[in-house]
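The tour goes stop by stop, with something to select at each.

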Amino acid sequence: MSYVDGFVVAVPLDKLEAYRELAETAAAVWMEHGAVAFVECAADDVPYGELTSFPRAVQQKDEETVFFSWIEYPSREARDATVAKVMADPRLAASMKDAPFDGKRMIFGGFNVFVRR
């Protein structure tokens, strides 16, 4: 069964183009090294919840929007091998020097696919 890394991050509105450039570079690197899908989604209908929500989770500030993203792999083992290659790839390291978001507020984790239709 597939394995997925998921991410939620707040991106300043004035850095959307820089984030797009980073995402395009990251997508190329991840796909080249073994990912089967790389998806970046910008918030559209993401209300600020009373108790929990995407904006609350990343401590979204005024003039920021939320991105929900995932990378899919054939398996956990393939993910581990891909991530090792990605982390050694100089293209990503160069892109992350001036990351257009606050990485301390990023939520991320790895997930086993449970149901897929």
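Predicted model: local features only at pLDDT ≥ 70, side-chain atom pairs only at ≥ 80, totals over all residues.

**Stop 1: helix α1**

Select residues 16-32, which make up α1. Colour Tyr 19, Leu 22, Ala 23, Ala 26, Ala 27, Val 29 and Trp 30: these residues of α1 are buried. Now show what surrounds them. The buried residues of α1 pack against β1, β2, β3, α3 and α4. Step past the end of the helix to Gly 34. Gly 34 follows α1 and has a positive phi, near 130°.

**Stop 2: Ala 27**

Go back into helix α1 and pick Ala 27. Is Ala 27 buried or exposed? Its relative accessible area is 18%; buried means under 20%, so Ala 27 is buried. Next, draw a C-alpha to C-alpha distance from Ala 27 to Phe 38. The two are 5.8 Å apart in space and 11 residues apart in sequence.

**Stop 3: Trp 30 and the core**

Select Trp 30 and display its contacts. Leaving out residues up to four places away in sequence, Trp 30 touches Ala 35, Phe 38, Ile 71, Tyr 73, Thr 82, Val 83, Val 86, Met 87 and Leu 92. Which members of the largest nonpolar core touch the most other members? They are Trp 30 and Tyr 73, in a core of 18 residues. β1, α1, β3 and α3 are the elements that give two or more residues to this core. The largest share, six residues, is from α1.

**Stop 4: the largest pocket**

The largest pocket holds about 460 Å³ of space. It has 25 lining residues, and Phe 7, Trp 30, Ile 71, Phe 101 and Met 106 are the closest to its centre. Centre the view on those five residues. Then colour the lining by element. At least two lining residues come from each of β1 (3-12), α1 (16-32), β2 (37-42), β3 (64-73), α3 (76-87), α4 (90-96) and β4 (107-112). Which element gives the most to this lining? α1 does, with five residues.

**Stop 5**

Move to the second largest pocket, with a volume of about 230 Å³. Select its lining: Leu 16, Glu 17, Tyr 19, Arg 20, Ala 23, Glu 24, Ala 27, Phe 38, Glu 40, Ala 42, Thr 65 and Phe 67. Two or more of these residues come from each of α1, β2 and β3. Here too α1 gives the most, with seven residues. By class, this lining splits into seven nonpolar, one polar and four charged residues. Ala 27 and Phe 38, the pair from Stop 2, are both in this lining.

**Stop 5: the loop between α2 and β3**

Finish in the loop between α2 (54-57) and β3, where Gln 59 sits. Gln 59 is not a glycine, yet its phi is positive, about 50°. Its relative accessible area is 54%, so Gln 59 is exposed. Now pick Glu 63, which is also found in the loop between α2 and β3. Glu 63 has a positive phi of about 70°, and it is not a glycine either. Where does its accessibility put Glu 63, buried or exposed? At 60% relative accessibility, Glu 63 counts as exposed.

Methods. Residues numbered from 1 in each chain as written. Heavy atoms only, no water. 1 Å grid on protein atoms, 1.4 Å probe; cavity = no way out; pocket = protein on both sides within 12 Å on 5 of 7 lines; lining within 4 Å. Points joined across faces, edges and corners; volume = space filled by probe spheres on them. Helix = DSSP H or I, 4+ residues; strand = E, 2+ residues; numbered from the N terminus. Nonpolar A, V, L, I, M, F, W, Y, C, P; charged D, E, K, R; others polar. Core = buried A, V, L, I, M, F, W, Y, C linked by side-chain atoms within 4.5 Å. Buried < 20%, exposed > 50% of the residue type's maximum accessible area, 1.4 Å probe, protein only. Contact = heavy atoms within 4.5 Å.
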